[in-house]
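This report covers domain layout first. A sheet and its packing follow.

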Amino acid sequence: MNGTASEAQVDPEPTTLLRLEGISKSFRDVEVLRDIDLDCPPGEVHAIVGENGAGKSTLVKIIAGAHQPDRGSLTLDGEHLSFHHPRQAQAAGVSIIYQEFNLLTDRTVAQNIFLGREPTKGPLIESRKLEEDTVALLEQLNVSGSISPRAKISDLSVAKQQIVEIAKALSFESRILIMDEPTASLAPPEVEALFDIVEQLRQRGMLIFYVSHRLHEIFTLADRVTVLKDGDQVTTTGIDSLTPDSIVRLMVGRELSDYFPEGADQDQIGDVRLRVHGGSNHLVSDIDLEVRAGEIVGLAGLEGSGRTEVAEAIFGVEPFEAGTLELDGESVSIRRPRQAIDHRIGFVTEDRKSQGLILPLSVLSNSMLPLYTLSRRERREREEVHEVPEGSSLTMQLADRVDLRAASLDQEVRFLSGGNQQKVVFAKWLASDSSILLFDEPTRGIDVGAKAGIHDLMRGLANRGAAVLMISSELPEVIGMSDRIVVMSHGRVAGELPSGASEADIMLLATGQSHGRGGDVLHPVGDEEGSSTETGGDEPTTVSDDTEDDYREHGSEGVSR
Amino acid sequence: MSILTEDRSDDPVRSLLTKFDLTDMQSGVWLVLLAVMVLGWILVGPDFVSGGNMTNMMVRAVPLGIVAMGQTLVILGGSLDLSVAYLISVVTVLSASVMDGDPNNIPLAIAVALAVGVGVGLVNGLLVTKGRANPLIVTLGTGLVMKGLLSSRFAAQTGSAPREFQILGYGRIGGWLPLSVLLLLAVFMIAWWMTRSTRFGYHLYSVGGSKEIARLSGVRDDRVIIGAHVWCSVTAAITGIFLVARLGAGSPWVGPEGVYDLESIAAVVVGGTALLGGRGGVPGTLAGVLLLAVLDNMFNALQVDGFLKSVLRGVIIIAAVASYALRSKRKDVDIA
């Protein structure tokens, strides 16, 4: 159970609890982690930071046994570990708390903590012991007064649910606890409560890995920080030698080597097609946004900052509950996707396979789907725009326009490559003659060659007068494609940057380290800087009060869920 | 930790109140049952709630009640059993043939019935878990197989139950408490005990709530589901035995005629158990079964036309399910 003790060697340094050596991992030929080395003592809070896709999740999942490394070794207390199942890691004392809790919402606190390990007498559950054990665990965390072992999980706040997860980790006598964005859905006072618990666990000698985008929390909690970038370990260093600025610089900074089509000229940009003013719902607040004809506006921000939610609000999936939405200067109300489609808005969703395409249907059926939901008159009107020549069909014309590579138009889309699938999604919105286009992660999971094709298509649409809003987690893509960049943080617009902004500018806004409005760039940082791979923290400056306050302004009103 | 609000669910008064929380569907259906009784009293008259009529309604609820106790567990685990109706028929003809009017054969007949129940439950459970087949299709399939066997071998009533055995159907303890009601209560108590106090029950709720979480926590999900299917088929077998006592013979069409497959699912759902599993329990199902029986009785007393009766039943079932869906949706929003 406890991994395999291949070598019974005694660790020379008893101060090391967990050691990672040369950990590497690839998914389908894409290397997501390269040669990660770590040496962590007990009683350390170790922050892991990096951009979206830097490899943070993969790293912690390897430690937690959810992924197996391709190369390298893990050593816990001098014992070599190889986990094939999260359950083994748990038994060995490694617990992980994901952003999505692994709790059964209809069962009680006690039933969840001891699920699969209930105290039994024969076939019977010893429910008294189950509750006593739970209370004992909750007492260790000083929360036995506020969480009852009999409370149903669905009746608890997110903060309390998280404590239940921590108690569950304690019940395994975990020595290592991994927390993935633990404060993402907590209110500020709850964050404080969580910090108290983390501090307690640290004093008890637990090693805590803390994955977070919120730099201010890292400076409050962490002893050391590991910065990852594109799967490389940029640095692992004490928190004292870093500042929020220097961390951001370490996280970003790579060359704009990919080819991107040329941006729009000033005279190509026309009138405002889409304007959101003060748009709010329970996921985002006070969104101000404009997209003009002929331009591509990049919507950047960290995962969970509300980017997708803005697009979904515009498209009527989770509509705005307050504020105004104007199309071509006219105020409209969009409560359902159907109304958005009526207004010629198209939405290329983040998850192609579950939201964009009906996989067992053909290229033809998929690409005609929105068009064929319209009334016959409306449909004919939109079809005529395409001026399909005699002897051809609309789908053929569209397939040509998006450069689709499919065996035939009757081919089921599930057999297509990611890039070609995405082209079918594009064709769908082209067919219905959409001229306001929302793209959410348009090139996610698409190989490099096909990416350029998608980029060309997007720019081509803008050049023909479409208003394009593009959400992307890839900063080079945001920078390379956008005529303007709007950065979101905590469900709000954190600032706007002109085209040609640097990755650091964007990250500073996204992590709530600076304000920016109308191209007001507070931290002009070159792209070449901060990419040293040896050590970080060249200039040990202290956190200014300024930065802290900035954070609070953004953080305290963040999305609660 | 001052920031986390104090939890007072251990407070006895409060916990009693939460036990009868109206948003808790299980308590809700008992209240609805009470309301319908009062309605019957008003519409039909005091006879409706007389001891005689109450016992009558309960006895009518027995066969459906027993099999619904099995169906509840299967549904709690996230599965479903459509084969119970034909299984009931199979059990009646088999056990009635084995008895053949001879009281000495009673134990053997019961043993055969239970063995058939365990066997069918195992087949269903194994196909659903190891065969990874959809429970709806699997149990529809096993049901059709049994239907085929029945119609090829038995055309009419077969076998006969000895007088001694018919006591189970008509006997009364102390002249008033029907044995059959006791049988239903016994099955109910076993089901309740299993779900409330055993490891099997705990794991059943877990697997129904999230198979993945349960499995990652070391729960052997397949065994749990197979166990639930075996229990369900056994309850169908007990229903079959009871019906033999009641009818005095085995009948190949008693199961499908009683629509025990769909009716038992309806009773479970009306009783507040989530069709997707993980939430609910047998007390709600008992109330659901009684509710259907009381409504039937009331419609009969009011001489409601047969077609209208069916329509009303349908409306009531849909209303119940819709109200649960709305309630749980509202609850979700509250949490968010």
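## Domains and their contact

Two residues are in contact if their C-beta atoms, placed from the backbone, lie within 7 Å. This is a predicted model, where local features need pLDDT of at least 70, side-chain atom pairs count only at pLDDT 80 or more, and totals for chains, interfaces and linings use all residues. Residues are numbered from 1 along each chain as its sequence is written, and chains are lettered from A and ligands numbered from 1 in the order in which they are written.

Chain A is assigned domain 1 (1-93 + 174-251), domain 2 (104-171), domain 3 (271-344 + 436-441 + 461-523) and domain 4 (354-434). The bounds come from an automatic or database domain assignment. The centres of domain 3 of chain A and domain 4 of chain A, over C-alpha atoms, are 26 Å apart. Contact between them involves four residues of domain 3 of chain A and five residues of domain 4 of chain A.

## The open sheet

Chain A has an open, mixed sheet of six strands, ordered β18-β19-β20-β15-β21-β22. Strands are DSSP runs (E, at least two residues), as are helices (H or I, at least four), numbered from the N terminus. Two strands pair if DSSP finds at least two bridges between them. β18 (345-348) and β22 (492-498) of chain A each have a single partner strand, so one side of each lacks a neighbour in the sheet.

β18(A) runs parallel to β19 (residues 436-440) of chain A, joined by four bridges. Phe347(A) has Leu438(A) in β19(A) as its bridge partner.

## Helix on the sheet

Helix α18 (residues 503-510) of chain A packs on this sheet. The helix touches β15 (296-301), β21 (484-489) and β22 of chain A.

Note on methods: Axes are lines fitted to C-alpha atoms, for helices over the stretch in contact, and angles run from 0 to 180 degrees between N-to-C directions.
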